[in-house]
Each structure stands twice: as structure tokens, then as C-alpha cells.
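These notes are meant for a colleague who is opening this structure for the first time. Please keep the view below at hand while reading the numbered points.

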Amino acid sequence: MIDNPKEYCGLFGIFGHKNASDLTYFGLYALQHRGEESCGIVSSDSKDFYIHKEMGLVGDVFSPEVLGKLKGDIAVGHTRYSTTGSSVLKNVQPLFANHRDKSLAIAHNGNLTNSSALKKKLEAQGSIFQSTCDSEIIIHLMAKEKSPDIVEKLKGAMKSVEGAYSLILMTQDKLIGVRDPLGFRPLVLGKIGNSYCLASETCAFDLIEAKYIREIQAGEIAVIDKSGIRSHKFSSEKKQAQCIFEHIYFSRPDSFAFGQTVHLVRQSLGERLAKEHPVKADLVIPVPDSGMSAALGFSHASGIPLEWGIIRNHYIGRTFIQPHQEIRDLGAKVKFNLLKEVIKGRKVVIVDDSIVRGTTSKKRIRGFREVGAKEVHLRIACPPHRYPCFYGIDFPTQKELIAHKYSINKIKEFLGVDSLGYLSVEGMLACVKDKNNYCTACFSGKYPTKFDKKTGKLSLENKCENVKP
Ligand code: SF4
């Protein structure tokens, strides 16, 4: 029923705070949108480590009793949606490992694009994996490094891995933030009192009243310990490939990502969309929640008033039972209901953040017709999704992407709208700073990581079938 892509993970870590696990809990709460399948916190009091991980939402997994047992002044937490590795307890992060009398917890957001090859190689050398998620590969690679120094171990491991990774690692006396050389996924540094914290998004800092300091740079290892913070570069890569879909859909609108407030970027996308695809209509109706900022921008630029025509039910848990085929359409209505009196007899322009498969949009548009809309126009605040993502976003396979299968005209017919307009790639890039520092592969097919020269395919083993970059 849900047609939206899912993010991989949310990360939070804090060093040197007496309420480390409580603040991590709140940080994860703010990052719940980045992963709803499972969550976990690992803390340390400099002697021992304390771990709690479970399937479920942050608010359900952690009680005051559980948090009370997560002692110490360092903690790292993780919310997960699985894109590699199945959704089972052994894959719930942070992962924890002991090696040569040292312990390490690791939380990962992203997707390693050479994970199968690395895993095969490590297994051939004797590594035994405890989970099926690609993040564990980093632990095994670090364990193979001869240097006892954690930064050197990380630098050594990073030489082998490819793809997208923002990491928070924790030892007994250090918290470490790492971002891959192309900086696909966000990772930010904040401070609360004298304690440093790291998070996927700044909305986590707002909740705990921490001050945003800066982004962890692409290709940076930032080590936080009792003596403060030290930065090490492990890549000389100049180009970046920040995920533009963080602005369009994933990040919370109140977060400051890649140097811009997400809500304001989305508003500009909507303004631009109104200029590229003008339409005569009575009302602009946003698809809640991620279409709201773009709809506001569309309304400002077009002069067409904004109205709530779709009401979202916020209380659908992951356990929602799919209705059987005969009453399947009820499923779409569980999440969204239409305001009939607002829509009836009006020419409406619906603004959505993106269309992936198109099945949910089709049902929604039929609903608009049923309640008597005079005309239904659809505007999408990003370009058509024609290619899969290999960097930590769970899009369906390429053949399930509606814009891969059909032309814009065919999509218009399939959805049953009077007109359809997608934002252009140029229009999208005009709304962000440093447009050359973004990945746009799922729209443009221009993948920022390398290809297998023999096959012309990405150096990915699991999902790259049918990709025509
Ligand atoms: S392919 Fe799309 S979703 Fe994936 S990292 Fe690039 S812009 Fe983001």
C-alpha cells in the first residue's frame, strides 16, 4: 500500500554526558523517520558496555527501566530500515564486537556497494560473520589492520570499502564520526554543554537543545575524547555526491542538511515547479507530510490558494494488516482521507514530493474524482525516478519504477490526471547550493561511483541488473 521509498538509518552519538543514554533516546526519537523497523543503544561507563536492541519503534523499545540500565557517559544509537540484510534481531544496530581486548560499537547509515565481494574475500580468509548486514564488513576489515590505533584501523578499512557510509563508532573512551569520501549521507556535529554529539540530522540536536556546530566533512574521521575533537582526512576526493533526495523527501523539513534548511529547499522546489508547469486551478493541495513545503512554494509562486484536501492518519503502525483483494482499496484510505467539501466542484492541483511505483497516486487521484473534483492536475517536486539507488535508499527494482516503464504521457493516462508535470533536473539543482556536489543518479542515471569496465555495470553485485546509466 505504501508507495514511498524508505531510508536506511538514523544515527545519534554523544560523548561525556551524564545522561548519555537518555539523550540518545531522544535523539533517536527525532530520527525515527529514517528507520522504523528496529533500534538500539550501546553505552559505556569507560569500563563496561551496556546494550539494548530490539525490533520496533524507539518509543516502544526503550522504557525508563531499560534506559536506567544503559549506564555511562558515552552512547551511540541507531534506528534502522533494512536495505541490505534481513530485518531480524541479529542485524539490529549498533553492532558490537570484541577484538584483542578492545570493544567497539558501530552504527552505519548507507550502503556499501562492494559488500558481496568484500564479504566473500573476508570469509575466504577465515572471518565468521554474525549478521547479514554490510556494516559488519567494516568491523572485520578494521580487525585485520595491524596498527593498534583506531584511526589507522579505520583508514585501512576505508581503503577497501566503496559506496555510501556515514558512521558513528564508540569505544570505551572515544566517539568517532566518519563520512565516506563522496558524502552521500549526512552526519552533523553538535555540542550540549561541554559534550559533543553526532547525528544524522540537526532535528535531533534541536530536541535535546544541543547547538549545531558543523557537518562532518566527506572523507573525514572526527575523533571525540576527553581531550576534545580531532579531525583526520582519509581521502583527497574533491567532488562530492550528497544525496539530493535527502532534501526532496528523507530529511525532516526542520533539519539543516548540506548547508540548507530542508523546508526552504522544498519550498523553492515548489516555486520552481509552478514556473516550469503552470496550471489554472482553484486550489493547491499538498500530499502530507513530505509534499507540504513544496505545495506552499507552488502556491506562493502561482498565486493559487493552498488548502488541506488530504488528511493523513498518523497512527498507522507497521503491523497494519493488508486488506484482502476484494477490499484492497480500503487500504489506501487508512492512511489518507479526502476532505470532500473542499474538493467537490473545484479544479485542484495536487503537489507531491515524488512518484515511485505510482500505484498509491493512482488510487488517490481516483478518490479525488469520486468526491467530485472538477479537474485534477498533478505536480511532482522532483524529476521522474528512472534508475535505482545503490547508496542506501530502498527504491523498488528498476522495472517497478513507473517512470522507467512509461513516458510522461503514459503516466498521465495511467494515473488518470488532467495534466502532469515533473520538475526538471536543472530546476531541482537550481534550488540547492553547490549543485555539482550532489548525487542525482536515480533521476539522471549518472552514478557517482565506478563501473565494472567489462560489463559497463556499477561495481555492485546484488542489484545492478537492468541498469542503463
Ligand atoms: S541515487 Fe538518488 S536516492 Fe540514491 S543517493 Fe543518489 S540521489 Fe540519493
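1. In what order do the six strands of the open sheet follow one another? The order is E5-E6-E7-E8-E12-E13, and the pairing is antiparallel; strands pair if DSSP finds at least two bridges between them. At the edges stand strand E5 (95-99) and strand E13 (228-233), each with a single partner strand, so one side of each has no neighbour in the sheet. Neighbouring strands of this sheet are turned by 20° against each other on average, with direction ignored, the axes being lines fitted to C-alpha atoms, for helices over the stretch in contact, and angles running from 0 to 180 degrees between N-to-C directions.

2. A word on the basis of these notes: the model is predicted, local features need pLDDT of at least 70, side-chain atom pairs count only at pLDDT 80 or more, and totals for chains, interfaces and linings use all residues. Residues are numbered from 1 along each chain as its sequence is written. Helices (H or I, at least four residues) and strands (E, at least two) are DSSP runs, numbered from the N terminus.

3. Phi of arginine 100 is near 45°, a positive value in a residue other than glycine. Arginine 100 counts as exposed because it has 6 C-beta neighbours inside 10 Å; a residue is buried if 20 or more other C-beta atoms lie within 10 Å of its own, exposed if 12 or fewer, and partly exposed in between, with C-beta atoms placed from the backbone.

4. Further along the sheet, strand E7 (residues 163-170) and strand E8 (residues 175-179) run antiparallel and are joined by five bridges, with leucine 175 in E8 as the bridge partner of methionine 170. Helix H6 (residues 150-158) lies across E8, strand E12 (220-225) and E13, and runs at about 160° to E12.

5. Strand E2 (residues 38-44) deserves a separate look: seven of its seven residues are buried, so it is largely enclosed by the rest of the structure. Ser38, Gly40, Val42 and Ser44 point one way from E2, whereas Cys39, Ile41 and Ser43 point the other way, and all are buried. E2 pairs with strand E3 (residues 49-55) in the antiparallel sense over seven bridges, cysteine 39 standing opposite glutamate 54 in E3. Seven bridges also join E2 to E4, again antiparallel, and there isoleucine 41 stands opposite glycine 77. In the hairpin of E2 and E3, with four residues between the strands, serine 46 takes a positive phi near 80°.

6. Is helix H1 (residues 20-30) largely enclosed or open? Because 10 of its 11 residues are buried, H1 is largely enclosed by the rest of the structure. Glycine 27, which is found in H1, is buried, with 32 other C-beta atoms within 10 Å. Leaving aside neighbours within four places in sequence, glycine 27 is in contact (C-beta atoms, placed from the backbone, within 7 Å) with Phe12, Gly77, Ala199, Ala204, Leu207 and Ile208. Glycine 27 and cysteine 197 are 170 residues apart in sequence, yet 9.8 Å apart in space, C-alpha to C-alpha.

7. The peptide bond from glutamine 93 to proline 94 is cis, with omega near 0°, and proline 94 has its place in the loop between strand E4 (74-80) and E5. The bond from proline 288 to aspartate 289 is also cis, with omega near -5°, and aspartate 289 lies in the loop between strand E17 (283-286) and helix H10 (292-302). Glutamate 209, in the loop between helix H7 (203-208) and strand E11 (211-215), has a positive phi of about 60° although it is not a glycine; glutamate 209 is exposed, with 11 other C-beta atoms within 10 Å.

8. Which residues surround the ligand? They are Phe184, Cys243, Ile244, Phe245, Cys389, Tyr391, Ile393, Cys439, Thr440, Ala441 and Cys442, a residue being near a molecule if its C-beta atom, placed from the backbone, lies within 6 Å of it. This shell divides into 10 nonpolar residues, one polar and no charged, where Ala, Val, Leu, Ile, Met, Phe, Trp, Tyr, Cys and Pro count as nonpolar, Asp, Glu, Lys and Arg as charged, and the others, Gly among them, as polar.

Notes
Two residues are in contact if their C-beta atoms, placed from the backbone, lie within 7 Å.
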